[in-house]
Amino acid sequence: MSQKNRLQSGGRIDRSKPLTFTYNGKQYEGFAGDTLASALLANGVDLIGRSFKYSRPRGIVAAGAEEPNAIMQLGATEATQVPNVRATQQELFSGLVSSATNGWPSVENDVMGLVGKIGGKMMPPGFYYKTFMYPQSMWETYETFIRKAAGLGRSPKEYDPDIYDKVNQHADVVVVGAGPAGLLAAQTAARGGARVIIADEQNEFGGSLLSSKESVDGKAAHAWVASVVKELEANENVIVLPRSTVNGYHDHNFLTIHERLTDHIADRAPNGQVRQRYHRVRAKWVVLATGAHERPLVYGNNDVPGCMVANAVSTYINRYGVVPGNELVLMTTNDNAYRTAIDWHDAGRKVQAIVDTRKNPTGALVEAARERGITVIAGSAVIDVQGSKRVTGVSVAPISEDGSKVTGSVKKLSADTVASSGGWSPVIHLSCHTGSKPVWNEEVLGFLPGKTVQKQLTAGAINGTFNTAGALEEGKKAGLEALEKLGLSAVEVAVPATTEQKESKPMALFHVPHTKPTSQAPKQFVDYQNDVTAAGIELACREGFESIEHVKRYTAMGFGTDQGKLGNINGMAVAAKVLNQSIPETGTTIFRPNYTPITFGAIAGRDCKDLFDPERYSAMHKWHLEHGAKFEDVGQWKRPWYFPKAGESMQQALDRECLATRESIGILDASTLGKIDIQGKDAREFLGRVYSNAWAKLPVGKCRYGLMLKEDGMVFDDGVTSCLAENHFLMTTTSGGAATVLNWLEFYHQTEWPELEVYFTSVTDHWATMTISGPNSRKLLEELTDADVSKDSFKFMDWKPMTVAGVPARVFRISFTGELSFEINVQANYGMHVWEKLFEHGEKYDLTPYGTETMHILRAEKGFIIAGQDTDGSVHPYDLGMGWAVSMNKPFSFIGKRGMQREDCVRAERKQMVGIKTIDPNIVLPEGAQGVFDPTAPIPMPMVGHISSSYWSACLGRSIALGFVKGGLDKMGEKVYYPLVDGRIVEAEICSPIFLDPKGERQNV
Amino acid sequence: MQQYSGFGLLKHSLSHHENWQRVWRNPTPKKKYDVIIVGGGGHGLATAYYLAKEHNITNVAVIEKGYLGGGNTARNTTIVRSNYLWDEAGRLYEHAMKLWEGLSQDLNYNVMFSQRGCLNLGHTLQDMRDIERRVNANRLNGIDGEVLDAKQVNEIVPILDCSDNARYPVMGASWQPRAGVARHDAVAWGFARGADMRGVDLIQQTEVLDFIIEDGTVTGVKTDRYGDIMADKVGCVVAGHSGVMAAKAGFELPLESHPLQALVSEPIKPILDTVVMSNHVHGYASQSDKGDLVIGAGIDSYLGYGQRGSYPTIEHTVQAIVEMFPIFSRVRMNRQWGGIVDTCPDACPIISKTPVKNLYFNCGWGTGGFKATPGSGNVFAASLAKGEMHEIAEPFSMFRFHNGALIDEHGAAGVAH
Amino acid sequence: MFYIYCPYCGEHREEEEFHNHGQAHIERPKDPDSCTDEEWGNYMFFRKNPKGLHHEIWVHAAGCRKFFNVTRHTVTYEIKEVYKMGEQPKVVAE
Amino acid sequence: MSEVKQEAATVSYMEQLADASIQGQSPLFHADLATVAKSGPKTGGVTFKEEALMGHITLRLNAENADQLKAAEKALGVALPTQPLTSVEKGDVSVRWISPDEWLVIVPGLKTFEVESALHNELSGHYQVVNVSGGWTIYKLSGANVLDVLKKSTIVDVHPSVFPVGKVVSTAFAKSSAIIRRSGESEFELVVRRSFADYLWLWIQDASREFGLVVEA
């Protein structure tokens, strides 16, 4: 098909590079340099979607980020689908596949459109809230239908084949926007020696100059742009980022930039390249040169395809060589938009009329139009348009000088395109992100950036300086100011000369009056994407939604993917008119990030899949992998959970591991335990303050278990600490708690007790730790060391330096299983060597590796707690029956002492940890089961405490559990019941938590 | 009084919707009220509504410094659930849940409460223990809940990555079928309309500058627009600003106000029919009736009244979402925002008398505020009406931070061994 | 994201390297055992929570691991000063 | 010098190296870098090398105590860098400033105990010396694109104007941490924790992919 709207020459497209693409299954052709929108317009495609609520036919309205309608589904394959792509920002590439996101069965013949026409009348803003309530039971059905209409595009159903990337940047000056102001700011700052980043959302730098017919510095505007870009690119201190949207401006001058590296090449990044890159930028100074968006006017049926923003029409003509229609009517409140009619005329197509809302338009541009024979209808407005899938004509009527009403008879003109301009809204979004409130400016007729605490400068149209000469001047000024603030010396930059005509005063008009009241006039759209009309806003105000935030929320204005870039100010103007107040009295608009939507994948960057979170490994990890370990996530650690042999179930493996340990010998990789080297003459005193028990008299060579409490008295960590020398201790913590504990110690030392002479250094990673446990463990150790590890010379809770398998080691005779145990610590580089030697020698004892699950079972048989499993931040040592680990008469009031004496902590009937034996020994209670004394009580049934640990004990041939019971320590032998999720009620008996070897004889051999 | 119905809509459409009545009046305040509620968010409006409806106390003013429902009500991720661990919290949130279930009809205002169920995922053994513990407690407390394994989870949410390849594979979940989401703004508006209909004065754009306190008893408030307004009782329901208001009344609260951020995707066709929450991976998502994926981010670590937080918090959340739902990698995030949440050390609210007589505070909801709205208002209203704390509110006294009777809903910390 | 000056490293670093530790200048009571429940509860939990200037503790967790004080505005998030442990703020609310 | 001896007795330290017949395994041992180096590309934008099995000693003392500084200098043969974020290198000893009262001393693996002992022998008063050799390893990154890889991985500014040769920072690196030192114009050393070594190796491979990664053994 021919590109019927394409001009023979002109524009920045490359006619020698035709590209084919498909839209709604049909093939079209465009050129390199096109956007999807310009290519569709070139091909005369009017209809690009259906509106969200009323399913009205919609066409392309704008040419950039502000486009509300042309929201497409992109993607040639399932995995490369991208929903909601703005056609005006999508560069055309060969093979691009696109489709409209709404309309069933097709966007041309949409059934919902009928519903919208009939039902639309019944769908004013807030209609949801007023209906679908009765009967209550029907809501789910109603909602199913409401939900069917939800959404624009669709998510892919397959995984993204592309990768995304992130990069951290630091800059002296970040310039946002590469229009005339931004370019000159960047040039000035860069010449002054600053590190500069300049980013622009478009594929080419130049901003407004790309579609401008002006000359700059005596040459075509784009030629001047090219010369500046060349200079910037050549400067190694400048990072030039096209196709890069600064989407967020955060605290302390932190910006996020979304760079699209391959979106313009194909829908899948070629050759494994990065599809999009995210820049996280810390800027010393920021220059916002973000330009302005033209505001369309609000008039009847202003959403019929063919109704466009004036400047967008010029952009399509001048930049893309596309005239999007044949007969134009331009409606404007200002001189600036006259260019559009002139461009249209000069492209050889017909301008029916310029409808100027002002009584007496004068000025160079007005004259230029008149010179071309274009009719200017002054003091009038297009009050509505005719047509459904394309404009066929317009109604023009004279309006009062204040723009409030129609004052004369309506005249019809034929036209297929209506361009409108209500002036320009500065793009202040980024400035708002940091919490700065914008300020209305009566002269600019727009909001300007407000007071800010950021190191922010602004230049160009964002300040309401809409002419190129002014923008260039402000750009230079911003560049110089940044240099000065940075302490760099000023440079001479000449502001290039421009050719521009002076413009006369624009009129403040937003909402065009109609002969009928707004509520009865044809729909006048304010926010296209969410189908928000002027009548809807008036209704909201009438109903009492008077704050602009209420209006927005009630009507959904500004909540689309364009976030109200075109509509918000018009909506405020409509509300202001109804409420009889000024726009600033009505409120401000607060924009939030993102400026335009950003792919989730880009925000996630490489921190996904394998790199989502680090996996921490011990020195013996490879062995575990090779021996079939199943792993458990403990914090970031991958710990062996159990070691199944071929054909074994988990329970069978656990039974085997447990029995082997109790009967012969098992081995655990305990390297993940947190380890802190503590030195200093006050180390002992410090330990006494942070542990609940006493440390003053622990002799060198001995180890002791300690409970660590928070100030409220609740247990938060535990572990064994050993006295290595008089002023030297090695503290162990839980694997998950290592960092927290070190931080805890440092916090108290640095902020409370800096006078104590003590240093802490983490040695968690330095030592590989392996625990051999079981009756044969001494024999095994003896084979590998010359040291005397006999019962009498190496007692329970002793530690000794010795050589194990040829490696210097510290061996601790401590036990978490209740068996004779030795915890061997060697410098981690030797971990694997010693581990393998132990297996070499341990084979004859059937040395069995076990993981965390068997460790849990073995310790539970002994009633030892696991902090974090048997504690939850609400139990103190006495609740755990561990009063023996509290020394109330230490001279210093240790952390947690005062806390556990509070009224609620000393009351009777607190939940206390006990052992739980099911009456039927074969039932293993689920961990988390809730106990009750009276299982026949009605719901809500009073609960007395939960099961925190529960296992099948192969050694005891029955189930065992640890759990909490109200007043449990005084209820030994009493019954407690566990009503389970499956309906069973399990009867159990309260018992001592020590199920095995209560006297501790097994570890004392 | 104007009843809302489908028929009404039809009728009004014939008159071009020109005759709809105001949803609420814009009254000038009286000199004195029986009760002043400071704060016109969801909880404050619900309090006023129930004072009028259930206790026949209609000489009530709600004083709001901005617009109704403009604080956290306007900024949350709209999740409603009641599957809390401890008896006290479970009772409170389930009380709210029961009210949610008839709320649209009670208010004659469709708050679009959608009981599409909520999954709380477990990714570690300790997660699963906690889930089992919580669900067991819920069921015995009369709160619906199930423990699901990974396969069952995947059946409910096929787009969730439940494979073993995940960094933290999904091991299972708790499932509360009655949980869901609601249209947050409508909740505030519905309560406001209901309160206004019953005679409550809703005073917007009016800031309470100070409390008037005589001999340790509050007798009214000072406002910026209307001067002093007197009251027999004052209920302060100002969420993030509770610490500021408490300072005016001369006491401190066990609170810190932190930024809590959230974000939405662009609207996409329905693909996620339930609420999915993962504490471990730190991602929370549901899909609104408009098609947006509504995603909750974490609380920032620092004090902040700026209604914005730090960017890495958003990044971590989005990483989690992509980890849980890899198909969303190419979907785009539309907008992010922040609220100010007043967080208590035990992650439970304060509904309480204060050191000042007749001054009551309802605050400290942290991330749990929205889901409690009707329940919170209901028990707070009862407490204000009777001058004694409602039995469900009783355990949530601020003085629990003195005697130690905390209700720790942080749940068990990660396994440590 | 904040940009915080570490008084020990002597340069600004990104917030990601730091952890916040809440209100500064809360001294642990010298004699906890003689505190009432109320006094102890106040020490543990009750906070100023100001809207405005806040003196707070941060730790350079990924850097030098030192704790220090920051005076920060809780609305604008401006950092007004940074000072070491044991020192007093110069910028205070009027 | 009886006082010195008395101090030394209050802490416990020992030679932790086994005899030479037992080969230690560095944290990246399992990655078999020698084979990777042999089979992998020989040119690329980034070069990676693990400086394995070095001796790492954490030294804590009071930088305002001139006696301690002098003692440390005597033991190490080089004065401690007391300026924040700086390092010194002399012969086979390098010292990184970590904190106002903390330094990381790196020496050849076999010298660890000797240096550790020397520190204990020279120092007195309140100090800490800890052998942490098993807990750390060193990744050397160099090449034309080394800054590009670092910018993907760390949030500190690595621009030469603010990160000159010799500067040291402890910081976040990807989702782990590293002590980064610029050892040459386009050469950096990362001291990383053992348990995170594999993750960081994965990360660096990924971040370098677009530039081409050369592995040296």
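**Exercise 1. How much area is buried between chain C and chain A, and which residues of chain C lose the most?**

Step 1. Take the term. Buried area is the accessible area (1.4 Å probe) that two parts lose on being put together, summed over both.

Step 2. Read the total. About 2,500 Å² is buried between chain C and chain A, with 48% given by carbon and sulfur atoms.

Step 3. Look at the side of chain C. Met1(C), Arg28(C) and Arg65(C) lose the most area to chain A, together 27% of what that side buries.

This is a predicted model: local features need pLDDT of at least 70, side-chain atom pairs count only at pLDDT 80 or more, and totals for chains, interfaces and linings use all residues. Residues are numbered from 1 along each chain as its sequence is written, chains are lettered from A in the order in which they are written, and side-chain values use heavy atoms, without hydrogens and water.

**Exercise 2. How many salt bridges are there between chain C and chain A?**

Step 1. Set the cut-off. A salt bridge is a side-chain nitrogen of Lys or Arg within 4 Å of a carboxyl oxygen of Asp or Glu.

Step 2. Count. Chain C and chain A share six salt bridges.

Step 3. Find one of them. Arg28(C) meets Glu711(A) at 2.5 Å, N to O.

**Exercise 3. In what order do the five strands of the open sheet in chain A lie?**

Step 1. Strands (E, at least two residues) are DSSP runs, numbered from the N terminus. Two strands pair if DSSP finds at least two bridges between them.

Step 2. The order is β2-β1-β7-β5-β6, with mixed pairing.

Step 3. The edges are β2 (26-32) and β6 (82-86) of chain A, each pairing on one side only.

Terms used:
Helix = DSSP H or I, 4+ residues; strand = E, 2+ residues; numbered from the N terminus.
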